[in-house]
Amino acid sequence: MYIVDADMSDDPSRRRQQLWQAYLALGRTLRTLQRSDPMVPGSLYLLRRKCGKPNCRCAQGQLHAAWVLTRSQGGQRRLHPVPPDQRGYLRPLTQEYRRWQRARAQWVKQVAALLTQIDQLAEGRRQPWPPPTPNEPGAG
């Protein structure tokens, strides 16, 4: 996303422009992270499974269905049954949480890219000092 062209890498003006563009993108991501909409961690989905009774309809393939909210708690996946009247309420809340998670991951990538660009810009400004003496290896 924030790749410096090889032929433009030594152009400080171009690097500053790219840095500014990365900074603006970071601001857009921050606005998503600052939203005040409520959210619920987890995923809402329709779980279908067998009950294990040999004469039940699920043994012939008609699985039992139940809406659940799944999330990780203490490193383990937990399923929470969702009553039918709560599905409409929970769906936008879990979607907002996923939106926030994606924005947070994007934030981490953008900050890393921004720091890389800042370091590249600083490297272009860096001057060797003290100047090499004629007796040192690598001197003129």
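How many aromatic pairs does the structure hold? This is a predicted model, and the structure holds two aromatic pairs. One of them is formed by Tyr97 and Trp100, with ring centres 6.0 Å apart and planes at 20 degrees. Planes under 30 degrees apart count as stacked, so the pair of Tyr97 and Trp100 is stacked. A pair of aromatic rings is described by the distance of the centres and the angle of the planes.

Both residues belong to helix α2. Tyr97 and Trp100 are three residues apart there, so about one helical turn separates them. Trp100 has a relative accessibility of 27% and therefore counts as partly exposed.

Helix α2, which covers residues 84-125, also contains Glu96. Is Glu96 buried or exposed? Its relative accessibility is 6%, and because buried means under 20%, Glu96 counts as buried. Apart from neighbours within four places in sequence, Glu96 is in contact with Arg35, Asp37, Pro38 and Met39.

The next topic is how α2 lies against another helix. Two packed helices are described by the angle between their axes and the distance between the axes. Helix α1 spans residues 12-33, and its axis comes within 9 Å of that of α2, crossing at roughly 160 degrees. An angle over 145 degrees counts as roughly antiparallel, so α1 is roughly antiparallel to α2. The crossing of α1 past α2 is left-handed. In the contact of α1 with α2, 15 residues are nonpolar, eight are polar and four are charged.

How values were computed:
Residues are numbered from 1 along each chain as its sequence is written. This is a predicted model: local features need pLDDT of at least 70, side-chain atom pairs count only at pLDDT 80 or more; totals for chains, interfaces and linings use all residues. Side-chain values use heavy atoms; hydrogens and water are left out. Helices (H or I, at least four residues) and strands (E, at least two) are DSSP runs, numbered from the N terminus. Buried means under 20% relative accessible area, exposed over 50%, partly exposed in between (1.4 Å probe, protein chains only). Contact means heavy atoms within 4.5 Å. Axes are lines fitted to C-alpha atoms, for helices over the stretch in contact, and angles run from 0 to 180 degrees between N-to-C directions. Angles under 35 degrees count as roughly parallel, over 145 as roughly antiparallel, 65 to 115 as roughly perpendicular and the rest as oblique. A crossing is left-handed if the near helix is turned anticlockwise from the far one by less than a right angle, and right-handed if clockwise. Ala, Val, Leu, Ile, Met, Phe, Trp, Tyr, Cys and Pro count as nonpolar, Asp, Glu, Lys and Arg as charged, and the others, Gly among them, as polar. Rings of Phe, Tyr and Trp (its six-membered ring) pair if their centres lie within 6.5 Å; planes under 30 degrees apart count as stacked, over 60 as edge-to-face and the rest as tilted.
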